[in-house]
Amino acid sequence: NRVDWTLMLGQSECTYIFGLTVFWIFRESKEQHWKDAAVKAKEAMHGWTKSSKWNFEHKFFLLDAEENFCDGNFAQAKMLYEKAIKSAKEHRFVNGEALACELAGYFYLELGEKTRAKEYLVKAHERYVMWGALGKAAALNQEIERNL
């Protein structure tokens, strides 16, 4: 049913953004309830990925990368950021590719790998421009100039 599919897409997008947000809050606060909420969002995304790999796989990989970042599993996180970027690109989600590149860039910045961080953030900027998110691209460009 078309209405059910539309509602599921809306709910999944909210769950995805919520999960990314609360993984970030957990990294800043170290309050376990934030991580627990993010893991639930990741688990929900995993379920949706089983029903539509095309729409959800890159989102699941990105949530999984963020969880591994939180847990200090940096090698696994690196691999998952790459998988998220690749999946978004393969499935033609330019916005998903941009966001995965941006978060990978912040990940590398946090690790002190400024050259690698800049590569990902510049790629994110390019994808945001390609997608038409010019305001976001301009804001990211300013951040790159300030921090790298």
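This is a predicted model: local features need pLDDT of at least 70, side-chain atom pairs count only at pLDDT 80 or more; totals for chains, interfaces and linings use all residues.
**Exercise 1. Helix 4 and helix 5**

Task: Work out how helix 4 and helix 5 are oriented to each other, and which residues make the contact.

Solution. Begin with the geometry: the axes of helix 4, which spans residues 74–90, and helix 5 cross at roughly 160° and come within 8 Å. Angles over 145 degrees count as roughly antiparallel, and helix 4 and helix 5 are therefore roughly antiparallel to each other. The next step is the handedness, and here helix 4 passes helix 5 in a left-handed crossing. The contact is then read from both sides: helix 4 contributes Phe74, Ala77, Lys78, Tyr81, Ala84, Ile85, Ala88 and Lys89, while helix 5 contributes Gly96, Glu97, Ala100, Cys101, Leu103, Ala104, Phe107 and Tyr108. Sorted by class, the contact of helix 4 with helix 5 holds 12 nonpolar, 1 polar and 3 charged residues.

**Exercise 2. Helix 5 and helix 6**

Task: Find the angle at which helix 5 and helix 6 pack, and describe the residues that meet.

Solution. Helix 5 and helix 6 pack at an angle of about 160°, and their axes are 7 Å apart. That angle makes helix 5 roughly antiparallel to helix 6. Helix 5 passes helix 6 in a left-handed crossing. Among the residues of helix 5 that take part are Val94, Leu99, Tyr106 and Leu109, and the residues they meet in helix 6 include Ala117, Tyr120, Met130 and Trp131. By class, the contact of helix 5 with helix 6 divides into 15 nonpolar, 2 polar and 6 charged residues.

**Exercise 3. Helix 6 and helix 7**

Task: Determine the relative direction of helix 6 and helix 7, and the make-up of the contact.

Solution. Helix 6 covers residues 114–131 and helix 7 covers residues 134–147, and the two pack at an angle of about 160° with their axes 8 Å apart. Helix 6 and helix 7 are therefore roughly antiparallel to each other, and helix 6 passes helix 7 in a left-handed crossing. On the side of helix 6 the contact includes Leu121, Val122, His125 and Val129, and on the side of helix 7 it includes Leu134, Leu140, Asn141 and Ile144. The residues of the contact of helix 6 with helix 7 comprise 9 nonpolar, 3 polar and 3 charged.

**Exercise 4. The largest pocket**

Task: State the volume of the largest pocket, and find which element gives the largest share of its lining.

Solution. The volume of the largest pocket is about 330 Å³. There are 14 residues in its lining, and the closest to the centre of the pocket are Trp24, Arg27, Glu66, Phe69 and Tyr106. Two or more lining residues come from each of helix 1 (2–29), helix 3 (53–71) and helix 5 (94–110). The largest share belongs to helix 1, with 6 residues. Taken by class, the lining of the largest pocket has 8 nonpolar, 1 polar and 5 charged residues.

**Exercise 5. The second largest pocket**

Task: Identify the residues closest to the centre of the second largest pocket, and the helices that supply its lining.

Solution. The second largest pocket has a volume of about 190 Å³. Of its 14 lining residues, Glu13, Tyr16, Lys59, Asn95 and Gly96 are the closest to its centre. At least two residues of this lining are supplied by each of helix 1, helix 3, helix 5 and helix 6. By class, the lining of the second largest pocket has 8 nonpolar, 4 polar and 2 charged residues.

Key:
Residues are numbered from 1 along each chain as its sequence is written. Side-chain values use heavy atoms; hydrogens and water are left out. Axes are lines fitted to C-alpha atoms, for helices over the stretch in contact, and angles run from 0 to 180 degrees between N-to-C directions. Helices (H or I, at least four residues) and strands (E, at least two) are DSSP runs, numbered from the N terminus. Angles under 35 degrees count as roughly parallel, over 145 as roughly antiparallel, 65 to 115 as roughly perpendicular and the rest as oblique. A crossing is left-handed if the near helix is turned anticlockwise from the far one by less than a right angle, and right-handed if clockwise. Contact means heavy atoms within 4.5 Å. Ala, Val, Leu, Ile, Met, Phe, Trp, Tyr, Cys and Pro count as nonpolar, Asp, Glu, Lys and Arg as charged, and the others, Gly among them, as polar. On a 1 Å grid over the protein atoms alone, a cavity is a set of points where a 1.4 Å probe fits but cannot get out, and a pocket is an open set with protein on both sides within 12 Å along at least five of seven lines; lining residues have an atom within 4 Å of a point. Grid points are joined across faces, edges and corners, and a volume is the space filled by probe spheres set on the points.
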